[in-house]
Amino acid sequence: VATVCQGALVYASAKYMSFRLRLPNEGAAWHAGVKHFWKIFGLNILRKVVISTTAAMAITALAKISVSAGHTILFWVAFIAALFIGMIASIMLMYAIGYVMVEEYGFWASVKSAWLLLWKHPLVSLETGLITLGLNAILLAFTLFAVLYLFLLPSILGTYLLTWLPIPVLGTIISIVSYGFFLAVIMFVGAVFTVWTISIWTYLFAKMHQGAMRSSISRLLKR
């Protein structure tokens, strides 16, 4: 379902960017996602394999630090490389899905075209990737904030109330309600952020595909 929805969102976003008259039919977007399910699923698996491999390299470098302090530089090089490669893989994933959904490209053709598009527009891609990475960090901070104020504090309050009202079921009810509220908020925020991210990358794909996108850095340098 997540894979089909990903394709459907890219399809709907691309259609809206092209016409800007009305939102595309959600049924047509869903069926387009179903049609290209295996390609999108394969692209996500390829991305996860790349990210897992680079993460394993960073973890291996981290393990060597416990043996020798001289490997600290190696760890930071591996960590930054893993972060950079993971961001590149994520960017290429969105471009490749765009080629699959909009241009009806095959699996490897979409990967090749995504790399060429990234090579042609590296600055704007990296700018957007860094912005998205920063927003992910903010989302992580919000999650920690939500854990504290939506789950832990009500649970502590429930424990405190039990000292005044010796009703065991009260603590269970408070814990279940606070945990359910926490999950609902996190799922809603995560869903909105995911839809926004996919829409932004699809917009960039459509603009760069038309050759009409320039980065803020390049505009600043030309001044």
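Residues are numbered from 1 along each chain as its sequence is written, and side-chain values use heavy atoms, with hydrogens and water left out. In this predicted model, local features need pLDDT of at least 70 and side-chain atom pairs count only at pLDDT 80 or more, while totals for chains, interfaces and linings use all residues.

**Fold**

The chain has eight helices and zero strands. Helices (H or I, at least four residues) and strands (E, at least two) are DSSP runs, numbered from the N terminus. Along the sequence the pattern reads α-α-α-α-α-α-α-α. Of the 223 residues in the chain, 31% are buried. Buried means under 20% relative accessible area, exposed over 50%, and partly exposed in between (1.4 Å probe, protein chains only). Contact means heavy atoms within 4.5 Å. Among contacts between residues at least 6 apart in sequence, 72% join residues at least 24 apart.

**Pockets**

A pocket is found on a 1 Å grid over the protein atoms alone: an open set of points where a 1.4 Å probe fits, with protein on both sides within 12 Å along at least five of seven lines. Lining residues have an atom within 4 Å of a point. Grid points are joined across faces, edges and corners, and a volume is the space filled by probe spheres set on the points. Ala, Val, Leu, Ile, Met, Phe, Trp, Tyr, Cys and Pro count as nonpolar, Asp, Glu, Lys and Arg as charged, and the others, Gly among them, as polar.

| Pocket | Volume | Lining by class |
|---|---|---|
| Largest pocket | about 850 Å³ | 18 nonpolar, eleven polar, two charged residues |
| Second largest pocket | about 210 Å³ | ten nonpolar, no polar, one charged residue |

The largest pocket has a volume of about 850 Å³. It is lined by 31 residues, and the closest to its centre are Arg-47, Ser-90, Leu-93, Asn-136 and Thr-197. Helices α1, α3 (37–65), α4 (72–103), α6 (122–164) and α7 (168–209) each supply at least two residues of this lining.

For the second largest pocket, α3 and α4 each give at least two lining residues. The largest share, six residues, comes from α4. Arg-47 and Leu-93 are among the residues that line this pocket.

**Gln-6**

Gln-6 sits in helix α1 (residues 2–19). Gln-6 counts as buried because its relative accessibility is 12%. Leaving out residues up to four places away in sequence, Gln-6 touches Ile-40, Asn-44, Leu-93, Met-94, Ile-97 and Ile-198.
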